[in-house]
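Here are some notes to read alongside the model, written for someone new to protein structures. Please keep the sequence and the 3D view open while going through them.

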Amino acid sequence: MTIAYTWWKDATIYQIWPASYKDSNGDGIGDIKGIISTLDYLKDLGVDIIWLSPMYDSPQDDMGYDISDYESVYPKYGTLDDMQTLIDGLHSRGMRLVLDLVINHTSSEHKWFKESRSSKTNPKRDWYIWKAPKYDADGKRQPPNNWGSHFSGSAWEYDETTDEYYLRLFAPTQPDLNWENPKVRDALYDSALKFWFERGVDGFRIDTAGLYSKDQKFQDVPIIFPDKTYQPSDLYTQNGPRIHEFHKEMYSKVTSNYDVMTVGEVGHCSREAALKYVSAKEGEMNMIFLFNVVEVGSVRGDRFKYNGYNLIDFKKAVEDQGAFIEGTDAWSTVFIENHDQPRSVTRFGNGKHHNTSAKLLSLLQTTLTGTLFIYQGQEIAMTNLPRSWSIDEYKDINTVNYYKYFKEAYGKDKDFAEKEKALMDVIDLVARDHARSPVQWDSSAYGGFSTAEPWTRVNDNYKEINVASQIDDPNSVLNFWRKSLKVRKQFKDLLIYGSFKVLDYENEKVFTYLKYQSDPESSSPKAYVVLNFSTDSVKFDKLVDGKFELVHSNVSDVVEDTLTPYEERKHREYKQVMESQNSSYKLDERSARFYETLREKELREELDQKIEETNELDKFRRLKRAVNTSSAKVEKPVSSKVSISISRGVVNTKIGKLPKSKPFSTSTSTSTSTNSNSQNNSSNNSPGNSSPENKPQGSLSELRSKRQDTPLDLVSGYSSDDGEEGG
């Protein structure tokens with residue numbers, strides 16, 4: 001099996017929502033300098049690329065997705081100079097930056113729209129989509145059709161200046177651009193893309209990437225929700241007749257001329273349409289976000305109409321989201337959180353088994369095929385907002401508008417209190433607001449996010465769930481994520497690039513799957529992953545032949561024939577004769593030079609790891625002494641440790657000393673073929689404990705030679721009785 005390694009396929013991408021990430025100047029709003037201050041933290045976590053949500057100048061009606069100037073920065077976030085410092089700081093660490101590309105619509109405050117709305121004869125009138133009103137039998141003015149806004153109500157906004165409606169699929173202040181006009185497209189390419197590429201940005205997450213081409217008949221859509229006047233417009237606005245033509249043009253004119261990546265937010269489409277977007281030969285985008293997993297249980301077109309799901313539904317969603325690339329030259333994404341989704345540990349985990357279920361989800365995500373995206377705070381298992389909070393605490397325009405229209409429709413009903421409670425239960429589970437509360441950095445006031453009251457309320461549990469309480473705890477969710485990301489890179493041929501097959505599909509408690517390189521029935525390397533998604537202890541049945549060894553697990557004291565609640569196990573198949581994972585790899589031409597530099601750095605850091613990890617037990621002893629004298633509450637570990645030894649490409653992992661909460665356990669086994677080259681692209685995010693004089697020196701070939709002959713013993717764990725346990 002020949003694998004074409006590419007930097008954006010191998011990468012772990014971390015999304016930052018700037019308003020809620022970290023405030024550097026005490027005004028209660030996150031900013032670019034706050035991001036810069038955490039770059040080493042992100043590097044140590046294992047992040048390769050930052051995806052920065054909109055930081056452009058904006059009235060902030062939709063938190064920056066209403067852009068008034070593509071070439072300026074929102075003043076409360078910083079300046080263009082701050083952005084350049086961020087770009088340079090990432091590149092100096094071997095990391096990259098991806099921005100949000102919002103080009104379906106602008107803000108109504110953008111200079112283009114101000115001109116467009118000024119008169120019907122303005123040269124920019126047709127830069128947006130204008131239509132005359134309709135009138136009903138009573139002579140009352142009505143919108144041009146029954147299309148609904150994604151934020152409730154009509155998708156059309158009346159403008160008195162010219163007595164016409166403009167299309168706005170989102171907020172009233174987000175008018176849709178007219179992509180049928182080539183002048184609009186060229187202006188976007190120059191202002192929104194080339195401007196930032198020339199400043200060193202490494203790519204874009206393309207917002208609403210399937211919406212640019214509207215059916216030009218602008219006819220009514222069929223009635224899907226009889227209780228609503230305005231209906232979802234996807235039939236005539238999503239994946240429209242010219243959408244692939246537009247993306248091909250953008251690729252040809254702009255993105256193909258730079259060493260960059262693109263990932264498009266498409267949401268829903270057929271396998272055939274998905275392949276048109278991301279098949280390499282099509283020349284459109286590198287990958288897309290599909291919503292199979294994050295929307296499981298919700299009615300498409302209305303997230304607040306929630307029916308629930310079972311594990312079989314979840315398995316199908318996971319499978320469908322990535323299976324469309326099988327046997328093709330396309331690529332997929334792996335994600336379970338972002339700025340538009342609730343917190344995964346609340347949505348898919350279990351509050352009584354918070355840490356264990358969070359680790360289970362980490363193992364799930366880090367063993368799936370595709371480019372991995374994680375969202376700020378996911379690495380510490382931040383949760384949804386408390387159910388006790390009232391609607392007044394919610395600020396997202398989607399939630400606020402939905403509740404407003406709901407109250408207008410049902411507020412006078414006798415059973416409104418019951419209906420409202422049911423809606424608030426769903427809002428508590430799936431609202432976008434849950435992802436937008438400030439990141440919880442420590443247990444100080446406002447969770448260490450700011451020294452002033454934040455723009456939106458910090459989750460009440462910030463004293464228990466925060467970065468500071470986890471960063472030096474080897475049993476924390478944060479450090480489990482670190483380990484999971486290292487294992488993902490270590491076995492990337494299986495975990496990032498491998499094929500995926502669900503086993504025991506109808507099991508409603510356990511999610512079991514196989515990762516393999518060529519044929520699941522052949523002797524090629526395999527990874528065997530078992531995830532107990534229930535609150536019950538269940539029998540562990542080995543569903544595959546062969547000898548496997550445990551590589552990673554989220555529980556202590558693994559019982560061979562029993563999976564505790566929410567336990568996960570990851571195994572690899574043991575091979576007496578090991579071959580190179582990277583024996584047939586190739587790099588695309590543009591990435592070769594960049595990777596050669598990174599590879600040398602990574603090889604040096606691999607040799608550093610032995611020195612670094614040898615000091616970890618001492619660090620854990622110091623941590624324990626500090627904890628014993630602190631009032632901070634620390635989860636008590638049980639007898640579980642993680643130890644990995646690497647020698648000549650052979651990896652052995654034992655599990656021990658993980659948190660006492662046993663539900664949500666998982667396990668994975670992997671069958672791999674490795675030799676001395678298997679770590680050429682491994683993670684290089686271990687903490688830097690070695691002194692400069694201890695750093696190995698030499699040419700790249702010398703480093704490779706040294707690494708081949710140098711065993712690495714990596715030990716992580718401490719026991720409640722202060723005993724030392726190594727591997």
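This is a predicted model: local features need pLDDT of at least 70, side-chain atom pairs count only at pLDDT 80 or more; totals for chains, interfaces and linings use all residues.

1. Residues are numbered from 1 along each chain as its sequence is written, and side-chain values use heavy atoms, with hydrogens and water left out.

2. The protein chain has 727 residues, of which 62% are buried (under 20% relative accessible area, with a 1.4 Å probe and protein chains only). Its accessible surface comes to about 27800 Å², and 48% of that belongs to carbon and sulfur atoms (areas from the Shrake-Rupley method with a 1.4 Å probe).

3. The secondary structure comes to 21 helices and 30 strands, where helices (H or I, at least four residues) and strands (E, at least two) are DSSP runs numbered from the N terminus. Among contacts (heavy atoms within 4.5 Å) with a separation of 6 or more, 74% come from residues 24 or more positions apart.

4. Eight strands form an open sheet with parallel pairing, in the order 14-13-12-6-3-2-18-17; two strands pair if DSSP finds at least two bridges between them. Its edge strands, each pairing on one side only, are strand 14 (287-290) and strand 17 (333-334). Helix 17 (residues 477-490) packs on this sheet, where it touches strand 2 (12-16) and strand 18 (371-375), and its direction makes about 170 degrees with that of strand 18. Within the sheet, strand 12 (residues 203-206) and strand 13 (residues 261-267) run parallel and are joined by four bridges, and Phe204 has Thr262 in strand 13 as its bridge partner.

5. Another open sheet has three strands in the order 7-11-10, with antiparallel pairing. Strand 10 pairs with strand 11 (residues 164-167) over four bridges, and Glu157 has Tyr166 in strand 11 as its bridge partner.

6. Helix 7 (residues 182-197) packs with helix 9 (residues 243-253) at an angle of about 55 degrees, their axes lying 11 Å apart (axes are lines fitted to C-alpha atoms over the stretch in contact, and angles run from 0 to 180 degrees between N-to-C directions). Helix 7 is therefore oblique to helix 9, since angles under 35 degrees count as roughly parallel, over 145 as roughly antiparallel, 65 to 115 as roughly perpendicular and the rest as oblique. The residues that meet include Arg185 and Tyr189 in helix 7, and Phe246 and Met250 in helix 9.

Note on methods:
Buried means under 20% relative accessible area, exposed over 50%, partly exposed in between (1.4 Å probe, protein chains only).
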